[in-house]
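Thank you all for making time this morning.

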Amino acid sequence: MILPPATLGILGGGQLGRYFVMAAQRMGYRVVVFDPDAQSVAAKTADAHIHADWNDQNALREFATQCRAITTEFENVPATTMEFLARFTTVHPSADAVAICQHRSHEKAFLVKHGIPIAAYADIRHEDDFAQVNESHFPAILKLASSGYDGKGQQVVKSIEDANEAFIQFGRQHCVLEKMIQLDKEISVVLARSEDGDIRYYPAARNEHRNGILAVSVMPAPDVSDALMEQAKQVASQIAFDMNYVGTLAVEFFISGNQLLVNEIAPRPHNSGHTTLDICVTSQFEQQVRALCGLPLGDTTPHCTGVMLNLLGDRWFVNGSEKPQTPEWNKLLMNPKSRLHLYGKSEARIGRKMGHVTLLADQSVPLSSQVQALEALI
Ligand SMILES: Nc1ncnc2c1ncn2[C@@H]1O[C@H](COP(=O)(O)OP(=O)(O)O)[C@@H](O)[C@H]1O
Ligand SMILES: [Mg+2]
């Protein structure tokens, strides 16, 4: 066990890293953030910030020397960076697990290999690869195999010609062409797995995306059958087991009829797990600390249903103003059932995640009217 006041390291310095820092510091650890971005919001709360490139070996060696154990908040950290760090200190999850999750094609191949259902897809490396695609595959989504997020690097396509054009626009980089699913619902499961294989899950959350970005997440997911909720947990834990995963992991699913398909895997805490900060004794970030340090995993039972509304930068530009204006939070702050989270980002931009609100839902009132009432307060 790695006990406080040991120093822990986190790769990446966004809001997920910031919550890791806060969870670890509350438990008495020191935390160093490694992030190339000088404006890192995690670094503002951390004990130290190493502000260097992902491939800067001197800086990485310095980071590894300072940290008793290192984890990540960002799946696009080069796997070679994580391998390098693992030569000097404990690193969880493994570079191998992160390498699978950071590449859609590797991720899909991994899921297929382990018999886990996913949407039909074709690997597209060259224009020639479209020859093996059937017209019945459309409509489809062409997705860049690596470095896409929040719906970026994706294009809906209706035909092979369309797909070809999008492929050229993406600079002929490796893509996957994924059949469009008739989505009834989207859910996600966040879990934590320890080095000795113990797994604790949070109940599946139900997610609603707008423009490819998570907008609303409800935990536990309403209107999803017990059978599907259970199946989602089983699939998520199988994935964690098959990756020999250590840390907090999230699995996103599509529900189409009574079919459960895996969409993607995040080797880190997840936006849909933010409710755990307010509705559970142990948040997804504290689990990340516990799993990293070999501490017993904590309790994941929610006290109540939690609703998370993302606060995008768009809300800072509501009156068509050119300059961002901080929204008025008064009404929200006066509501006893909501908690406001802001991530400390200095500049609001359209589509940027600035914070979120958690509603502690009341069981005796329909959820949709509570969400509407909350929206009206913002
Ligand atoms: N094959 C698909 N069929 C239908 N909707 C999809 C499909 N792929 C993605 N989407 C929609 O787009 C969202 C973002 O896609 P995703 O692959 O999860 O990318 P990101 O890495 O940006 O989260 C999904 O949550 C879903 O709402
Ligand atoms: Mg996604």
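This is a predicted model: local features need pLDDT of at least 70, side-chain atom pairs count only at pLDDT 80 or more; totals for chains, interfaces and linings use all residues.

Residues are numbered from 1 along each chain as its sequence is written, chains are lettered from A and ligands numbered from 1 in the order in which they are written, and side-chain values use heavy atoms, with hydrogens and water left out.

Let me begin with the metal. Which residues coordinate the magnesium ion, ligand 2? They are Glu252 and Glu264, each through OE, at 2.0 to 2.4 Å; donors here are N, O and S atoms within 2.8 Å of the metal (3.2 Å for Na, K and Ca), and because water is not among the atoms, sites may look incomplete. Glu252 belongs to strand β14 (residues 247-256) and Glu264 to strand β15 (residues 259-266), so the pair ties together parts that are twelve residues apart in sequence. Helices (H or I, at least four residues) and strands (E, at least two) are DSSP runs, numbered from the N terminus. Glu252 is buried at 14% relative accessibility, whereas Glu264, at 23%, is partly exposed; buried means under 20% relative accessible area, exposed over 50%, and partly exposed in between, with a 1.4 Å probe and protein chains only.

Now to the strands themselves. β14 and β15 pair in the antiparallel sense over seven bridges, where pairing requires that DSSP finds at least two bridges between two strands. Phe254, for example, has Leu261 in β15 as its bridge partner. The two strands form a hairpin with two residues between them, and Gly257 in the turn has a positive phi of about 60 degrees. β14 also runs antiparallel to β10, joined to it by nine bridges, and Val190 stands opposite Ala250 of β14. Ten of the ten residues of β14 are buried.

That brings me to the interior. In soluble globular proteins, nonpolar side chains tend to be buried together. A nonpolar core, as used here, is a set of buried Ala, Val, Leu, Ile, Met, Phe, Trp, Tyr and Cys residues joined through side-chain atoms within 4.5 Å. The largest one has 29 residues, and those with the most contacts inside it are Ile187, Ile239, Met243, Phe253 and Val262. Among the elements that each supply at least two residues of this core are α6, β10, β14 and β15, while the largest share, seven residues, comes from α8. A second, separate core of 23 residues includes Ile2, Leu8, Leu16 and Ala23.

One loop residue deserves a word. Ile118 is found between α6 (104-113) and β6 (121-124), and at 15% relative accessibility Ile118 counts as buried. Leaving aside neighbours within four places in sequence, Ile118 is in contact (heavy atoms within 4.5 Å) with Lys108, Leu111, Val112, Leu261 and Val262.

Finally, how many disulfides does the structure hold? There are zero, a disulfide being a pair of cysteine sulfur atoms within 2.5 Å. The cysteine sulfur closest to that of Cys67 is in Cys293, and at 11 Å it is too far for a bond. Cys67 is buried at 3% relative accessibility, and Cys293 is buried at 2%.
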